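Let's take a friendly walk through a protein model, one piece at a time. Have the sequence and the 3D view ready as you read.

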Amino acid sequence: MTYPSPTQIPVTLIAGYLGAGKTTLVNKLLNSKKLPANTAVLVNDFGDINIDESLIRGASNDGTVIGLSNGCICCSISNDLSKALDELHGLEVEHVIMETSGVAEPARVWQHCHYPGFTPMACVVLIDASSYAARCQDKYVGSLVRAQAAQAHLHVVSKADLNPGFELHHLTPQLSSQDPDLIDTVLRWQHADDATFNDHFLTTQPSFRAHTWHQEETIARTSLETLLNNLSESVQRVKGWVDTFEGIYIVSKVGSRAAMIELRENQPPTAMLGLVIITYGDAGSILESIEHAGAFASGQITMTLSS
């Protein structure tokens with residue numbers, strides 16, 4: 001086994017399909033006393049990360065880098081990974097934890113981690129016990145879900161309580177997301193080499209889109225429930241904050257399973273209210289579902305390509 005050069009910063013990838021629990025794991029890392037000082041955590045979007053207010057020490061001018069009271073920093077990847085790594089290289093960073101997109105192949109991100117001054121250390125892939133088998137059989141996304149699992153150096157099985165009999169038939173080492181040694185294991189996991197990655201690339205990748213609804217007016221909770229219950233099967237993930245007459249709710253939907261939790265503290269700023277709906281295929285059915293909910297206007301939906 002080879003270890004990173006003292007002059008190179010090791011990078012640990014946190015990967016897995018949409019809704020598998022990547023953000024939950026990142027939150028655990030950020031709030032853990034075991035996370036060493038001078039660790040950088042790269043994330044897709046601060047909107048997904050619930051960093052305890054007491055941990056936040058300061059923010060950069062553009063809002064992409066946040067200083068934490070434990071000596072770590074949290075940086076938004078946005079669309080420019082090279083720029084993010086360049087910024088980190090100018091800081092006293094000793095380890096990078098990087099959350100990948102839920103629709104990305106970890107092996108492709110791994111290649112980009114061979115960036116001057118950095119070296120990939122391990123790829124940790126979250127496996128959702130409640131939906132993994134069904135996702136693998138899906139004609140649209142099955143190949144991607146299987147590839148993500150095949151490209152892992154360590155599997156972390158999440159949501160096993162929703163499927164107690166789940167078994168992951170892979171030779172790759174695995175542990176539960178509830179394992180008391182989870183944080184230590186993720187931080188220390190070291191892969192010998194990346195030669196096997198080349199065998200698992202997908203020749204064609206599924207096409208995903210991210211549909212963003214920016215909330216402008218308070219709505220009824222029943223309208224929100226109607227929307228979540230009537231989205232098409234192409235919807236893979238829904239997440240965000242919504243202001244209703246009954247209160248502000250954090251909304252999450254993975255497949256057919258939806259959750260709405262009222263926020264009584266740490267409410268998001270108005271500019272962050274809304275939903276991100278990630279789908280494969282055409283956007284038309286999403287617009288129809290939103291219009292059917294009654295309190296949503298189709299003109300408020302903006303479409304952007306997901307990575």
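Which side chain meets Asp-128 in a salt bridge? The partner is Arg-257, and the N to O distance is 3.8 Å. This pair links distant parts of the chain: Asp-128 lies in strand β7 (residues 118–128), Arg-257 lies in strand β13 (residues 257–262), and they are 129 residues apart. Asp-128 counts as buried because its relative accessible area is 6%, under the 20% cut-off. Arg-257, at 32%, is partly exposed. Salt bridges that share partners bring Asp-128, Lys-159 and Arg-257 together in one network. Keep in mind that everything here describes a predicted model.

The structure holds six salt bridges. Why can such pairs form? Side chains of opposite charge can pair when their charged atoms come close. Here are some of them:

| Pair | N to O distance |
|---|---|
| Asp-128 and Arg-257 | 3.8 Å |
| Lys-34 and Asp-184 | 3.3 Å |
| Arg-108 and Glu-105 | 2.6 Å |

Lys-34 and Asp-184 meet in a salt bridge. They also come from distant parts of the chain, 150 residues apart: Lys-34 sits in the loop between α1 and β2, and Asp-184 in helix α6 (residues 182–188). Lys-34 is partly exposed, at 41% relative accessible area, and Asp-184 is partly exposed too, at 22%.

In the pair of Arg-108 and Glu-105, Arg-108 is partly exposed at 31%, whereas Glu-105 is buried at 1%.

Is strand β2 (residues 39–43) mostly covered or mostly open? Mostly covered: five of its five residues are buried. In a regular strand the side chains alternate between the two faces of the sheet. You can follow this along β2, where Thr-39, Val-41 and Val-43 point one way while Ala-40 and Leu-42 point the other way.

Two strands pair with β2. Strand β6 (residues 95–99) runs parallel to β2 and is joined to it by four bridges; there, His-95 is the bridge partner of Thr-39. Strand β5 (residues 73–76) also pairs with β2 in the parallel sense, again over four bridges, and Cys-74 of β5 stands opposite Val-41.

**Helix α1**

Finally, turn to helix α1 (residues 22–30), which is mostly covered, with seven of its nine residues buried. Among the buried ones are Leu-25, Val-26, Leu-29 and Leu-30. An α-helix has 3.6 residues a turn, so residues three or four places apart point the same way. Lys-22, Thr-23 and Asn-27 are buried in α1 as well.

Key: Residues are numbered from 1 along each chain as its sequence is written. This is a predicted model: local features need pLDDT of at least 70, side-chain atom pairs count only at pLDDT 80 or more; totals for chains, interfaces and linings use all residues. Side-chain values use heavy atoms; hydrogens and water are left out. Buried means under 20% relative accessible area, exposed over 50%, partly exposed in between (1.4 Å probe, protein chains only). Two strands pair if DSSP finds at least two bridges between them. A salt bridge is a side-chain nitrogen of Lys or Arg within 4 Å of a carboxyl oxygen of Asp or Glu.
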